[in-house]
Amino acid sequence: MIDPWASSSVDYDKLVTKFGIKKFSDIVGKIQNPLNLMKRGVIFGHRDFDKMIPLINDHKKFSVVSGMMPSGKMHIGHKMVVDQLKWYFDKGGNLSLPIADMESYAARGIDFKEAKEIAITEYLSNYIALGLDLTDENVLVYLQSEHTPVKDLAFELSKKTNFNELKSIYGFTPSTNVSHLYVPLVQVADILLPQIDLYGGPKHVVVPVGVDQDPHIKLTRDIASKSKDKFKFIQPASTYHRFLTGLTGGKMSSSKPKTAIFLTDPPEVAEKKVKTAKTGGRESLEEQKKLGGCPDKCAVYEMLVYHLIDSDEDLKKIYDDCKTGTLLCGECKAIAAEKMKKIFENLSEKREESLEIAKTIL
Ligand code: SF4
C-alpha cells in the first residue's frame with residue numbers, strides 16, 4: 001500500500017510494475033522540448049500522460065492541478081513542482097492550484113487562519129519568487145475551506161464512493177477520524193474542478209505529484225468514470241516524480257530540518273548546507289581516486305541533476321569524472337554549493353516583492 005500520509009523510502013521500479021504506473025521513459029521521446037526532470041528520469045512514471053502529449057505539443061486546451069498543503073516550510077525539493085508548473089504554463093496549460101487547508105487541518109491540526117498565513121508567506125511567495133505568475137488569468141489559486149464550488153463538488157462526488165472503497169485504498173480502521181474520510185473527497189473535487197461548467201467543462205487534466213499521492217489519483221480516476229452520467233469527466237492523467245534525497249540520506253522533509261535546504265534559508269546557509277550533504281564518496285581520497293565515487297548514491301549529484309545543471313553534457317562530465325575518480329567530493333560540492341547559492345541569492349532578492357504579490361492572491 002502507498003500511504004499518502006506517511007513517507008518512506010520508495011522502490012520506484014516496483015511501483016511501476018506493481019501498481020500499474022507506466023514508465024515515463026517510454027513516452028518522453030514524443031514530448032517537444034521536455035523538461036530536464038522528464039529527460040533525466042526524475043519524473044519516472046505516469047498514468048495516461050500519453051493522451052496529454054498531443055495537447056501539450058500543439059498548445060491546445062488543458063489544465064494542470066497541483067495542490068499545496070500549508071503545513072510547514074518549503075524546501076528545495078518543492079522547487080521541482082514549481083518548475084513543472086512553469087513548463088506546463090509555457091505550453092499553454094491553465095493552472096489550478098488548490099491550497100489544501102482542509103487537509104492540513106485534518107492531518108496536522110493546523111487551523112484555517114494559520115494555514116492561510118503559511119500559504120501566503122511560504123508557498124505563494126516562493127512560487128512567485130521561483131518565477132510563476134500567479135496573477136495571470138489562466139491561474140486559479142484558492143483555499144479549499146473558502147471555495148464553495150469545490151466543497152459542493154466534493155459532497156456531490158461522495159455519492160460515488162463508499163467506506164469500503166476508501167478503506168481498501170487508504171487502509172482506514174474503525175478508529176480513523178472521519179475528517180480523514182472526507183479530505184480525500186475534497187482532493188478528488190480539487191482535481192476534477194477544472195472540468196465543471198464553471199471552469200469550461202470537460203477537458204484533459206494532468207496532476208504532477210510525488211508517488212505517495214497516487215491513492216488520491218486512483219480514487220479520482222475511479223470517481224471520474226463513475227460520474228460520467230452527470231459530469232462527462234475525462235479521467236485525469238498524472239505524472240510521478242522521485243523525492244529529493246535529504247542532506248542526511250533519507251527523503252528531504254520539512255518536518256526534519258536537518259535533512260532540508262529551506263527556500264527561506266539565507267544564500268550562505270544554503271551554500272553551507274550543500275557542503276554538509278551525504279555524498280557517494282569513498283572512505284579516503286586514495287580510495288576515491290582509485291575506485292571512483294558513486295554518483296548514483298550521492299545527494300549532491302542529485303541536486304545537480306534536479307536543480308543545478310542545465311546542460312546534459314556538463315552533467316555527464318561530472319558523472320564520468322566522479323566514476324573515474326578524476327573529480328573528488330570537495331571540488332564537486334564546491335561547484336554545487338556555488339550554484340545553489342546563486343539560486344538562493346535570486347530568491348532572496350525577489351522575496352519582498354513576491355510576498356506583497358502573494359498577499360493580493362487570496
Ligand atoms: Fe557525489 Fe560529486 Fe562526490 Fe561524486 S564527486 S560522489 S558526484 S559529491
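Hi everyone, let me start inside the protein: the largest cavity is lined by 15 residues, and Gln288, Cys298, Cys322, Cys329 and Cys332 lie nearest its centre. Before going on, this is a predicted model, where local features need pLDDT of at least 70 and side-chain atom pairs count only at pLDDT 80 or more, while totals for chains, interfaces and linings use all residues. Residues are numbered from 1 along each chain as its sequence is written, and side-chain values use heavy atoms, with hydrogens and water left out.

What is a cavity here? On a 1 Å grid over the protein atoms alone, a cavity is a set of points where a 1.4 Å probe fits but cannot get out; a pocket is an open set with protein on both sides within 12 Å along at least five of seven lines; and lining residues have an atom within 4 Å of a point. Grid points are joined across faces, edges and corners, and a volume is the space filled by probe spheres set on the points.

Our largest cavity has a volume of about 120 Å³, and a search of the whole structure finds one cavity of 30 Å³ or more. Which helix gives the most to the lining of this cavity? That is α16, with three residues. Helices (H or I, at least four residues) and strands (E, at least two) are DSSP runs, numbered from the N terminus. By class, the cavity lining has 10 nonpolar, four polar and one charged residues; Ala, Val, Leu, Ile, Met, Phe, Trp, Tyr, Cys and Pro count as nonpolar, Asp, Glu, Lys and Arg as charged, and the others, Gly among them, as polar.

Contact means heavy atoms within 4.5 Å. Among the residues making this contact are Met303 of α14 and Cys332 of α16.

Now to the largest pocket, with a volume of about 1200 Å³. Its lining counts 45 residues, and Met69, His78, Asp212, Gln213 and Lys251 lie nearest the centre. Strand β6 gives the most, four residues, and the lining divides into 21 nonpolar, 17 polar and seven charged.

β6 also belongs to an open sheet of seven strands, in the order β1-β2-β7-β6-β3-β4-β5, with mixed pairing. Two strands pair if DSSP finds at least two bridges between them. The edge strands, β1 (22–23) and β5 (139–143), each pair on one side only. Inside the order, β3 (residues 63–65) and β4 (residues 94–99) pair in the parallel sense over three bridges, and Val65 has Ser96 of β4 as its bridge partner.
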